[in-house]
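Please read the points below beside the sequence and the model.

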Amino acid sequence: MSAPLLDVRHLHKSFGGARGLIRTARRAQVVTDVSFTIGRGETYGLVGESGSGKSTIGRTILRLLEPDSGEVRFDGEDIVGLSRSDLRRLRRRVQIIFQDPFSSLDPRVRVGEVLAEPIRLHRLRASGDVTARVDELLQTVGLAPHHKDRYPHEFSGGQRQRIAIARALAVEPDLIVCDEAVSALDVSIQAQVLNLLARLRDDLGVSYLFISHDMSVVRHISNRVGVLYAGRIVETGPAEEVFARPRHPYTRMLLAATPSLGRPRRTRADDITGAPPSPYERAPGCAFASRCSFATETCRAETPPLDTFTDGAHEAACWHAEALAAEPSEETTGPVEPEMSPAFRRRMALLREA
Ligand SMILES: Nc1ncnc2c1ncn2[C@@H]1O[C@H](COP(=O)(O)OP(=O)(O)OP(=O)(O)O)[C@@H](O)[C@H]1O
Ligand code: SF4
Ligand SMILES: [Mg+2]
């Protein structure tokens, strides 16, 4: 098997306080021992509640944040120790797309220049060929060459996200971190942008770290998925496998609260009881124990490691995952054949059409 494009190992990240100097200063432990890989042309979906650490992981991979410890190997090279000039080289190969492209597009710069600038900066085309490349990029994302004369505010939200994608593609990256990239779009536009991203992955071989709190979006685009809870990956595996046979009670709870993915929805997202533990007070044991109806003394005393299931690709960090799998809970398990909400029906129809 070829080496993964991205190989994240034992990543830890905390914020605040003053480590080592002032013992009483409080630090927030936001990412704990996170490991995952992304292959070439693969999409890894990272899903979890607000505050679970998804964006922190995305930003640390780009070295917009410095990790406390761990390795981030990109194409075999550990980027954690890279110098500034080597980082510049990396920044071309790893791009990021945010939820709100408007705030990342300079309103005074025409779209043609937004796309031309990185091409010139990285000397990716001879000066006489830059305009042709800009036209090509616009067409790749479903816009027209004449759009290059417009300013960002003259586009709709979906079109602006297409421009953000074109800008990311301008530097011919290998990996794009999509941080809630479709969350602000309405459902039909969301479907179009998701399909565009999937097509680019298939046509260009680009890989994605796809970050979202939306289980249905992650399921649609991801080859493999990681479920993040309080800064730890608690379940990971092939997307279809994780969504069809969730092993961790947290994944089950998320699915049960997702009208699009659970069977007939028993709980609404608002009905999920409890809250994740504070990142300032990480207690021993399973972080999910205070919300878990299966919690035992062992769960409260010791943190469960990620354990592999039969086929080796599906892992969950739960002391009782095997037992729970053997005795499926009627509420949340079983093949996913959802009783779909009207909004989800519409989304799935759009996704199939496109
Ligand atoms: N610079 C910072 N300083 C202190 N705490 C931070 C900082 N950045 C993030 N955090 C904290 O880290 C935790 C994780 O934040 P993060 O933005 O990674 O979550 P997220 O999963 O992306 O959430 P959302 O779905 O809301 O975007 C939160 O508790 C947040 O308050
Ligand atoms: S380890 Fe225990 S508390 Fe944690 S998810 Fe599993 S059963 Fe629940
Ligand atoms: Mg975030």
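1. Glu172 is found in the loop between helix H6 (157–170) and strand S7 (175–179), where helices are DSSP runs of H or I with at least four residues and strands are runs of E with at least two, numbered from the N terminus. The phi of Glu172 is near 55 degrees, a positive value in a residue other than glycine, and the residue is partly exposed, with a relative accessible area of 34%; buried here means under 20%, exposed over 50%, and partly exposed in between, with a 1.4 Å probe and protein chains only.

2. This is a predicted model, in which local features need pLDDT of at least 70 and side-chain atom pairs count only at pLDDT 80 or more, whereas totals for chains, interfaces and linings use all residues. Residues are numbered from 1 along each chain as its sequence is written, chains are lettered from A and ligands numbered from 1 in the order in which they are written, and side-chain values use heavy atoms, with hydrogens and water left out.

3. Ala230 also has a positive phi, about 45 degrees, although it is not a glycine. Its place is the loop between strand S9 (224–229) and strand S10 (232–238), and at 8% relative accessibility Ala230 counts as buried.

4. Leu138, in helix H5 (residues 130–140), is buried, with a relative accessible area of 0%. Leu138 and Arg162 are 24 residues apart in sequence, and their C-alpha atoms are 8.3 Å apart in space.

5. Which residues of helix H10 are buried? Helix H10 (residues 249–256) is mostly covered, with eight of its eight residues buried, namely Pro249, Tyr250, Thr251, Arg252, Met253, Leu254, Leu255 and Ala256.

6. Ligand 2 is surrounded by 13 residues, of which the closest are Cys286, Cys292, Cys299, Cys318 and Trp319; a residue is counted if one of its heavy atoms lies within 4 Å of the molecule. The shell around ligand 2 divides into eleven nonpolar residues, two polar and no charged, where Ala, Val, Leu, Ile, Met, Phe, Trp, Tyr, Cys and Pro count as nonpolar, Asp, Glu, Lys and Arg as charged, and the others, Gly among them, as polar.
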